[in-house]
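Dear colleague,

Please find below the structure that I am handing over to you, followed by an account of what was found in it.

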Amino acid sequence: MYTSAARLLLLGMGADEQMGGYGRHRTAFKRGGWAGLGAELAADRARLWKRNLGRDDRVVSDHGREARYPFLDEEVVATLAATPLHLLCDPRRPPGVGDKLVLRLLARSIGLSRCASLQKRAIQFGTRIANKNVSGTALLSPDIALDELVHPSAALTAAEAASPAAAAPPRGKPRESLAKPTKRRAGGRLAAKSAAAAAAVAAVAAYARLPEGAPRGPLTALPLSRVSGRVSRGATLAAFETLHPDGLAVKPVSWVVGEEGLSMLLGAGTVEERLLRLGFEKRWIERRRAAGEAFRLALFPAEAAEPATWDGIFNVVRETFPEAAPKVLARAGELRALPFAELQARATAGYLRGASYFEVNEAAMAGASEDSRYLSTARLASEQCEGRVEEVRGWLYHVLGLSDLFDGAGSTVLPDGRRGVGEFLIRNRRVADFGEAFAWVELTP
């Protein structure tokens with residue numbers, strides 16, 4: 001028996017749960033296609049911490065060792081979560097090939113060809129104590145050399161392994177952190193709620209990332225009622241750090257959709273067709289694309305939100321824009337009663353000097369403009385602004401995004417006048433604040 005003096009152990013926990021390594025993942029794929037597989041993986045990730053990590057930590061600690069989990073490193077988890085499912089695993093291929101596909105390909109790329117083709121076998125099956133019908137030898141054979149299972153740069157000689165220097169880092173220096181599991185301070189109920197929210201988001205994201213032509217299960221099988229979504233756009237990674245690309249200071253609130261809107265976004269058709277059905281303006285989509293911006297769908301847990309009605313808008317103004325609230329609320333009755341076309345005509349003939357709300361808004365950069373016709377919150381609240389109803393409507397257009405299609409009914413309005421889907425307003429925030437319960441999905445043309 002080989003005895004090591006090393007105090008830190010690198011464990012592979014999380015690889016199977018994130019890259020489809022279990023037999024039940026194949027079963028889920030057979031029953032529900034890619035969506036079924038995505039839901040099973042999401043459930044595995046959500047329960048990993050309570051099903052496996054606690055047990056393994058106790059076993060390792062009982063032997064005076066500390067465990068590190070490279071596959072549970074935050075960046076690794078985030079990268080795998082953002083990777084299309086069919087690139088992580090392919091249940092259509094045989095065991096030992098399609099499971100943990102990306103990991104096997106990586107092993108081959110660094111020369112671990114024999115290791116990359118080994119079929120997964122649980123330790124209780126390898127010893128034949130749980131299933132006597134499974135051979136304990138699997139694909140292992142005496143002629144497999146150590147450097148075929150362990151990369152040469154990571155292998156230690158017997159002398160190095162026995163050296164005290166290999167056992168632990170020098171005193172006075174912090175241990176290198178390799179995805180040491182974070183302690184959960186929340187109560188069990190709160191942690192379970194967070195895990196369930198993350199699992200719901202992951203299941204919807206897995207469905208949304210299915211490649212074109214891949215078999216899809218019914219949308220009704222997805223937990224859409226527990227997830228909200230928002231279409232965002234940007235030309236840089238910084239634009240996707242917050243729900244709204246213009247940032248927290250410029251856009252304190254964001255428009256989102258619920259189950260109805262997500263069903264439409266996950267449905268058939270091109271990205272443009274789906275955006276148009278959701279209520280986006282064609283000219284706006286074209287300008288965004290001409291500017292080199294990409295579209296992404298943000299997915300996060302459903303929460304209390306203000307419906308996109310006039311009452312909901314006024315509540316948001318009271319709570320989020322107290323400096324603008326007096327002028328806005330003073331015009332509440334007129335805003336409800338007057339059609340957008342009339343307000344636009346007044347503004348064009350007056351303070352917009354021949355332009356439209358849309359044209360002035362498009363000329364602004366990241367929600368800011370030197371043009372006095374662009375009514376920021378500061379300009380509306382200033383003494384120089386009279387606060388006429390057409391000015392207030394301009395502020396609502398520029399700051400809150402109330403386009404000509406908004407009529408206060410609580411749903412999007414399509415260009416042909418038909419009702420779209422329900423929409424809501426929530427506080428804008430950094431996507432990192434959602435933790436694991438968040439996903440970006442590329443909306444490719």
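This is a predicted model: local features need pLDDT of at least 70, side-chain atom pairs count only at pLDDT 80 or more; totals for chains, interfaces and linings use all residues.

Residues are numbered from 1 along each chain as its sequence is written, and side-chain values use heavy atoms, leaving out hydrogens and water.

Helix 19 spans residues 340-349, and Phe340, Leu343, Gln344 and Ala347 are buried in it (under 20% relative accessible area, with exposed meaning over 50% and partly exposed in between; 1.4 Å probe, protein chains only). These four lie on the same side of helix 19 because they cover an arc of only 100° around the axis, the arc being that of the directions from the helix axis to the C-beta atoms. Helices (H or I, at least four residues) and strands (E, at least two) are DSSP runs, numbered from the N terminus. On the face turned away from the buried side, helix 19 carries the exposed residues Ala341 and Ala349. The buried residues of helix 19 pack against helix 18 (332-337), helix 20 (357-363) and helix 22 (389-400), where contact means heavy atoms within 4.5 Å.

Arg393 belongs to helix 22. Not counting residues up to four places away in sequence, Arg393 touches Phe340 and Leu343, among others including Trp310, Tyr357 and Phe406. Arg393 is buried yet has no salt bridge, and Asp404, the nearest side chain of opposite charge, is 7.3 Å away (Lys and Arg count as positive, Asp and Glu as negative; His and the chain ends are not counted). A polar atom of the Arg393 side chain does lie 2.8 Å from the backbone oxygen of Leu402.

Strand 5 (residues 294-301) has seven of its eight residues buried. Strand 5 pairs in the antiparallel sense with strand 3 (residues 227-234) over eight bridges, and with strand 9 (residues 439-442) over four bridges; pairing requires at least two DSSP bridges between the strands. Ser232 stands opposite Arg296, and Ala298 stands opposite Trp440.

The structure holds 26 salt bridges, each a side-chain nitrogen of Lys or Arg within 4 Å of a carboxyl oxygen of Asp or Glu. One of them joins Arg93 and Asp90 at 3.5 Å, N to O; Arg93 is partly exposed at 40% relative accessibility, whereas Asp90 is buried at 7%.

Yours sincerely

Definitions and conventions: A polar contact is a pair of N or O atoms within 3.5 Å; within protein, one must be able to donate a hydrogen and the other to accept it, and residues adjacent in sequence count only if both atoms are side-chain atoms.
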